[in-house]
Amino acid sequence: MKMETTESLWRSGTPPVMADIPESLSRVFDTIIVGAGITGITTALLLQKAGQQCLVIDAETVGSGTTGGTSAHLNTFFDATYPEIESDFGKDTAKQVADSGKEALSLIKEFIDQYHIDCDFEYKGAYLFSETEKETKQLIEILEASRNAGIEVVEYQDNGVPVPFQIAIHFIDQGQFHPLKYVAALADEFVNLGGALLENTFVNNSSYENDVHTVEAGQSSFKGINLVYATHVPPGITPFSFRCAPYRSYVLAVKLKNDAYPTGLAYDMQEPYHYFRTHEIRGQKYLIIGGEDHKTGHEDPVQAFKNLEAYAHKYYRVESVDYKWSSQYYIPVDGLPYIGELPGAADKTYMATGFNGNGMMFGTLSGKIISDLILGVENQNAELYSPSRMKPIAGFSEFVKENADVAWHFVADRFSAEELESFADLQPEQGVLAEINGTKAAVYKDAGGTVTALNPTCTHAGCTVVFNDAEKSWDCPCHGGRFDTSGKVITGPPRADLLKISL
């Protein structure tokens with residue numbers, strides 16, 4: 001029977017982490033990590049292995065955010081291409097970025113081998129292919145710069161998918177895995193080593209006094225010497241609210257009528273690009289196909305899914321679309337992530353953001369860099385990815401463009417809606433921006449007919465939210481904050497829920 005859901009393929013049938021909550025949560029921890037995705041759990045495990053006592057807190061469950069929404073490609077080439085890195089930072093930096101990607105992939109494989117993790121890990125070849133003359137020129141530049149950076153890549157006569165192409169290149173020893181099986185196993189090892197894990201606990205605030213961080217979460221508070229935000233962007237308004245732009249990417253898990261599933265990883269060069277791979281779950285193969293990326297809150301998610309499904313039907317004999325989902329990521333203005341101490345924050349506050357579409361790799365690398373910084377271990381990549389780095393040329397035009405866009409929304413989105421004369425006009429599971437008796441509201445009617453009205457002003461920086469009809473959420477077009485239909489924060493950087501309006 002066909003099943004369709006906006007929950008990812010990875011969440012289907014993956015057992016939860018079984019964590020006994022320690023009674024000694026009142027002690028001062030060495031490190032508190034906010035966020036239980038691949039970044040937070042990798043950081044926590046490395047610190048706990050080194051003898052620290054750590055606490056991980058997540059608003060939902062292990063891997064419930066972007067880690068559970070990734071397409072789980074493991075690449076040593078990135079969305080910021082090696083020609084771009086060469087141009088903005090130089091050839092030496094391009095080689096260092098390539099080496100750091102290899103280090104991240106090696107650490108993932110090391111954990112899998114050390115802990116005997118059954119997470120469907122496989123080394124795969126990856127194809128990148130062009131379809132136009134412009135793309136071909138870019139691809140030849142990528143081939144040369146990737147080789148200069150030390151990446152093993154060759155021209156190839158195939159692109160791995162039934163999409164017509166001009167030329168293709170083939171990256172050796174890339175990979176794929178089941179992200180939730182992997183991260184859940186790391187979390188189990190962290191707990192086995194005495195680590196504390198709190199799920200379904202939203203962090204409201206933090207303060208710093210007498211060299212100790214106090215984190216307020218739910219109805220409780222916790223203390224730690226170090227504080228790590230493994231949460232996309234740090235909460236509240238920071239410089240990284242303006243240096244990283246939020247995007248959503250869409251993914252389908254498709255059953256085919258034949259066995260024409262890709263045997264490798266593949267990527268086109270369209271803007272936005274599409275990506276392909278195969279994964280087998282409980283004996284059933286799925287074509288995983290993604291793309292249609294757009295800035296959060298700026299396009300129609302329902303149309304994005306329709307476009308992606310039409311693209312899949314164009315090249316494959318689709319039997320059914322069994323899963324569809326989207327996930328959020330952040331694009332840094334200069335192409336490289338920000339990993340390390342949070343500038344302008346209290347001492348010993350760390351962050352990791354700006355992974356672009358390479359979250360599994362940079363999340364793993366972040367765990368290594370941040371744990372080394374906390375432990376006082378020299379890390380050769382810390383300076384490269386430092387959030388304090390200053391590159392006035394690299395990414396400057398992107399910085400101006402993204403922040404002009406944010407400024408536009410502050411003004412243009414003050415409110416744009418028609419008077420809602422009757423809630424009967426709303427269809428079930430529909431959300432609209434409306435004025436009700438002169439009051440501006442974000443209004444939603446659930447499947448049972450219950451109507452909820454919220455203040456539509458995002459609690460982060462004051463932009464107006466828009467309704468995401470595909471995932472039934474209110475999304476902020478400025479900095480990517482997302483709220484469920486009751487107003488609860490589901491994606492930072494907002495810390496406070498949308499206020500309800502009495503009807």
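## Helices and selected residues of a predicted model

Helix α3, residues 91-114, contains 24 residues and reaches 34 Å from its first C-alpha to its last, close to the 34 Å expected at 1.5 Å a residue. The expected span is 1.5 Å times one less than the number of residues in the helix. Helices (H or I, at least four residues) and strands (E, at least two) are DSSP runs, numbered from the N terminus.

This is a predicted model, in which local features need pLDDT of at least 70 and side-chain atom pairs count only at pLDDT 80 or more, while totals for chains, interfaces and linings use all residues. Residues are numbered from 1 along each chain as its sequence is written, and side-chain values use heavy atoms, with hydrogens and water left out.

The protein chain has nine helices and 24 strands. Of its 503 residues, 56% are buried, where buried means under 20% relative accessible area, exposed over 50% and partly exposed in between (1.4 Å probe, protein chains only). In α3, the buried residues include T93, A94, V97, A98 and S100. Just after α3, H116 takes a positive phi of about 50 degrees.

Two further helices, α1 (residues 38-49) and α5 (residues 179-192), pack at an angle of about 30 degrees, with their axes 9 Å apart. Axes are lines fitted to C-alpha atoms, for helices over the stretch in contact, and angles run from 0 to 180 degrees between N-to-C directions. The angle makes α1 roughly parallel to α5, a term for angles under 35 degrees. I38, I41, T42, A44, L45 and Q48 of α1 meet Y182, V183, L186, A187, E189 and F190 of α5 in this contact, contact being heavy atoms within 4.5 Å.

Two glutamates lie in other helices. E135 is found in helix α4 (residues 133-148) and counts as buried because its relative accessibility is 10%. E86 belongs to helix α2 (residues 82-89). Their C-alpha separations from residues elsewhere along the chain are listed below.

| Residue pair | Distance along the chain | C-alpha separation |
|---|---|---|
| E135 and I167 | 32 residues | 9.3 Å |
| E86 and A145 | 59 residues | 7.6 Å |

Leaving aside neighbours within four places in sequence, E135 is in contact with S130, M269 and Q270. Across the protein chain, residues 24 or more positions apart account for 69% of the contacts with a separation of 6 or more.

Methods: Parallel < 35°, antiparallel > 145°, perpendicular 65-115°, else oblique.
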